[in-house]
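Biologist: Let's go through this model piece by piece. Please put it on the screen.

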Amino acid sequence: MKAAVFSGVGKPLAIKEVEDPKPDGGVLLKVLATGLCHGDVHVIMGDWEGDIYVKEGRILGHEILGEVVAGGKKVKKGDKVLVYNAFGCNTCKYCRSGYYQYCERVKVLGIHEDGGFAEYVKVPDEDNLVKVEGNPVNLAPLADAGITAFHASESIGSGEKVAILGTGAVSLLALQILKNFGAEVTVVGRNLAKLSKMKELGADEVIVTKGEYTRDLSEKASTRKFDYVIDFIGSDLTLNELPWMLSRLGELRIVGEFGGTLKVPEQLLVLRGLRVRGILYGKKEHLFAVKKMYEEGKLKTFAVPYLLSEINQAIDDLISGRIIGRAVILPQT
């Protein structure tokens, strides 16, 4: 089969013929669509070296939708399925609470095992498969971007004031979810085209920044304090003094992983009762929630399709900010 293979830090993915995977107790999927996540770019650029090891020769791609080819008892041949891509030990306290992504022995396809930038992928546990119907290109982003966006927006209620930093694919989904929850949302970003899309999707206010996210938010926001600030970038440019923008009992949720450092005065946390929370992926129930919203027409994924042979162009387009929505790779030709 053809696959896009990790060839080392800073190098383009190599399109190669590799051996087909076998079910071997799992489920074999024909990959119909796999979303291109910024996490894939972090791996390729070496941003996570020292934290997450990805060996050369690994097939990347963790946001997967496929068609069942073989294996499984709860799914049958021909079923279209989204992959909940956190395979834990099933016995630790994190797995028991549904947070498989925090398991000490977690396996993720596209990181620890071969992933979805290929014509076929092996899924080790059919319990991580969720049946879907519809266009695979549009559905695929729900498997990661959708789950993460829902987790980042969870428990935020009607009328609460939220600031979103960043205008990427996960932010686009989170905005739609938050508006469905009835929140008031301000979006801060650099890309005018993406900010225009955010406004079209119902953002109450958009703020253009050249990089000083917190300063521009403070100076230009009609609402000076927020119940929640959700940082989808996670760099020094966004995290700098961000907790000062929170109201009393406010919460900072950090989703992006661009290596920033958060510095918070202890008294600010204590006297205002602030909370800081990291958001990594989400629970399987979050996948069911965004799937339901999508089926009800409350959520658009803004998928942009690329052939497997075009994957390095897709990566360049993502890095350059030319994609409004989610790049989705189509391995089947």
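Biologist: Which strands does helix α7 lie across?
Modeller: Helix α7 (residues 213-220) lies across β8, β9, β10 and β11. It runs at about 130 degrees to β10. Helices (H or I, at least four residues) and strands (E, at least two) are DSSP runs numbered from the N terminus. Angles run from 0 to 180 degrees between N-to-C directions, with axes fitted as lines to C-alpha atoms, for helices over the stretch in contact. Contact means heavy atoms within 4.5 Å.

Biologist: Where do these numbers come from?
Modeller: This is a predicted model, so local features need pLDDT of at least 70 and side-chain atom pairs count only at pLDDT 80 or more, while totals for chains, interfaces and linings use all residues. Residues are numbered from 1 along each chain as its sequence is written, and side-chain values use heavy atoms, with hydrogens and water left out.

Biologist: And α5, what does that helix lie across?
Modeller: Helix α5 (residues 169-181) lies across β8, β9 and β11. Its angle to β8 is about 170 degrees.

Biologist: In what order do the strands of that open sheet come?
Modeller: The order of the six strands is β10-β9-β8-β11-β12-β13, with parallel pairing. At the edges are β10 (205-208) and β13, each pairing on one side only. On average, neighbouring strands are turned by 15 degrees against each other, direction ignored. Two strands pair if DSSP finds at least two bridges between them.

Biologist: How many bridges link β8 and β9?
Modeller: Five bridges, in the parallel sense, link β8 (residues 161-165) and β9 (residues 184-189). Ile 164 has Val 187 in β9 as its bridge partner.

Biologist: What about β12, is it enclosed or open?
Modeller: Strand β12 (residues 246-254) is largely enclosed by the rest of the structure, because seven of its nine residues are buried. Buried means under 20% relative accessible area, exposed over 50%, and partly exposed in between (1.4 Å probe, protein chains only).

Biologist: Which strands does β12 pair with?
Modeller: β11 (residues 226-231) is joined to β12 by five bridges, running parallel. Phe 226 stands opposite Leu 246 in β12. β13 also pairs with β12 in the parallel sense, over four bridges, and there Arg 253 has Arg 277 in β13 as its bridge partner.

Biologist: New topic: how many residues of α1 are buried?
Modeller: Six of the eight residues of α1 (residues 38-45) are buried, and the helix is mostly covered. Among them are Val 41, His 42 and Ile 44.

Biologist: What do they pack against?
Modeller: The buried residues of α1 pack against β3 (27-35) and α11 (311-319). Gly 46 follows α1, and its phi is positive, near 80 degrees.

Biologist: And Ile 59, where is that?
Modeller: Ile 59 is in the loop between α1 and β4 (63-70). Its relative accessibility is 4%, so it counts as buried. Leaving aside neighbours within four places in sequence, its contacts include Met 1, Val 18 and Phe 117. Leu 109 is 50 residues away from Ile 59 in sequence, yet 8.6 Å away in space, C-alpha to C-alpha.

Biologist: Last one: why does Leu 330 count as buried?
Modeller: Leu 330 counts as buried because its relative accessibility is 19%. It is found in strand β15 (residues 326-330). Apart from neighbours within four places in sequence, Leu 330 contacts residues including Leu 32, Val 137 and Pro 305. Its C-alpha atom is separated by 8.6 Å from that of Ala 118, 212 residues apart along the chain.
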